[in-house]
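Here is a short note on the metal site and the pockets. Please read it with the structure open.

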Amino acid sequence: MTQLVVRHLLIDLDAPIATRWNGGDAFRTAFFNALSLSFPVGEQYFIDSVRNALQALPEAQRARFADEVKGFVGQEATHRRIHALFNGHLAAQGLPNDIERRALHRMQANAQRNVRVHLGVTAATEHFTAIFANWVLRHPWALDGAEPRLRTLWLWHAAEESEHRSTAFDVYQALSGDHRWRIRLFRYVTAVFLWDLIRQTLINLWHDGSLLRWSTWRSGWRLLLARDGMFRASFGAWRDYFAPDFHPSQHDATPGRAWLHEHSAQYGVVGRPAGA
Ligand SMILES: [Fe+2]
Ligand SMILES: [Fe+2]
């Protein structure tokens, strides 16, 4: 059981953000913007899936998970609120949110599916967020040159994704534990999430006018596909999900814990003053 607290980030997101806020780098900015554009709709879906699954659990199991789910919902609700502010600046820059439109369409088309399927999709997507988060925490150069408030925003979110990486998975195991479906849904999420993320990144680059520049793709290679790039370096952690005895806690969460410990002055915990 994971103790999850809800943290409120002490940063100001009222001031506009630069069009290439991530160190002036077009690709790094476009990729992180694509992630952010997916968060409000995606995180609401995670909240709904986990809440509905909790209600479907037998009484004793429900009591066991109640506190952790409350913390999970509080964290994801805070993420989506802050990323909605961030995305408001992107909308003001004229970026179209295609990834959200596609997700809403898929959610409508699959609304009648049962609670286990939605939870399996959530657990699979949470595996992605956790392994990508861990990568960002281990490779903070991905945010080099970003304003401190934006760097804080991304690393805080990454640390909490790493922290609550087991919640949806554990509720899924408690609800059904069906390995075959867990893998089937993970394959589906891998294809859909990566394609949508790449598609939105391309849209962002087109909007920025840097889609066809050599420097853009050099940076893209460095960020995602180089030896220590996000996709390549996360491949082993991605593959781990297929193991029948996989559990998210097998992945080290030390970088996220360390970040939260070292940056406690930058957030307040609900019911506790900042830095306490
Ligand atoms: Fe989140
Ligand atoms: Fe999450």
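1. A pocket here is an open set of grid points with protein on both sides within 12 Å along at least five of seven lines. Its volume is the space filled by probe spheres set on the points. On that basis the second largest pocket holds about 230 Å³ of space. Keep in mind that the model is predicted.

2. The second largest pocket is lined by Met1, Thr2, Gln3, Leu4, Val5, Val6, Asp67, Glu68, Lys70 and Gly71. By class, four of its lining residues are nonpolar, three polar and three charged.

3. The largest pocket has a volume of about 550 Å³. Its lining counts 27 residues. Tyr45, Arg106, Val121, Thr125 and Val192 lie nearest the centre. Helices H1 (26–56), H3 (98–109), H4 (115–138) and H7 (179–208) each give two or more residues to this lining. H7 gives the most, with eight.

4. What is the class make-up of the largest pocket's lining? There are 15 nonpolar, six polar and six charged residues.

5. Which residue coordinates both the iron ion (ligand 1) and the iron ion (ligand 2)? Glu76 does, and the two ions are 3.9 Å apart.

Conventions:
Residues are numbered from 1 along each chain as its sequence is written. Chains are lettered from A and ligands numbered from 1 in the order in which they are written. This is a predicted model: local features need pLDDT of at least 70, side-chain atom pairs count only at pLDDT 80 or more; totals for chains, interfaces and linings use all residues. Side-chain values use heavy atoms; hydrogens and water are left out. On a 1 Å grid over the protein atoms alone, a cavity is a set of points where a 1.4 Å probe fits but cannot get out, and a pocket is an open set with protein on both sides within 12 Å along at least five of seven lines; lining residues have an atom within 4 Å of a point. Helices (H or I, at least four residues) and strands (E, at least two) are DSSP runs, numbered from the N terminus. Ala, Val, Leu, Ile, Met, Phe, Trp, Tyr, Cys and Pro count as nonpolar, Asp, Glu, Lys and Arg as charged, and the others, Gly among them, as polar. Donors are N, O and S atoms within 2.8 Å of the metal (3.2 Å for Na, K and Ca); water is not among the atoms, so sites may look incomplete.
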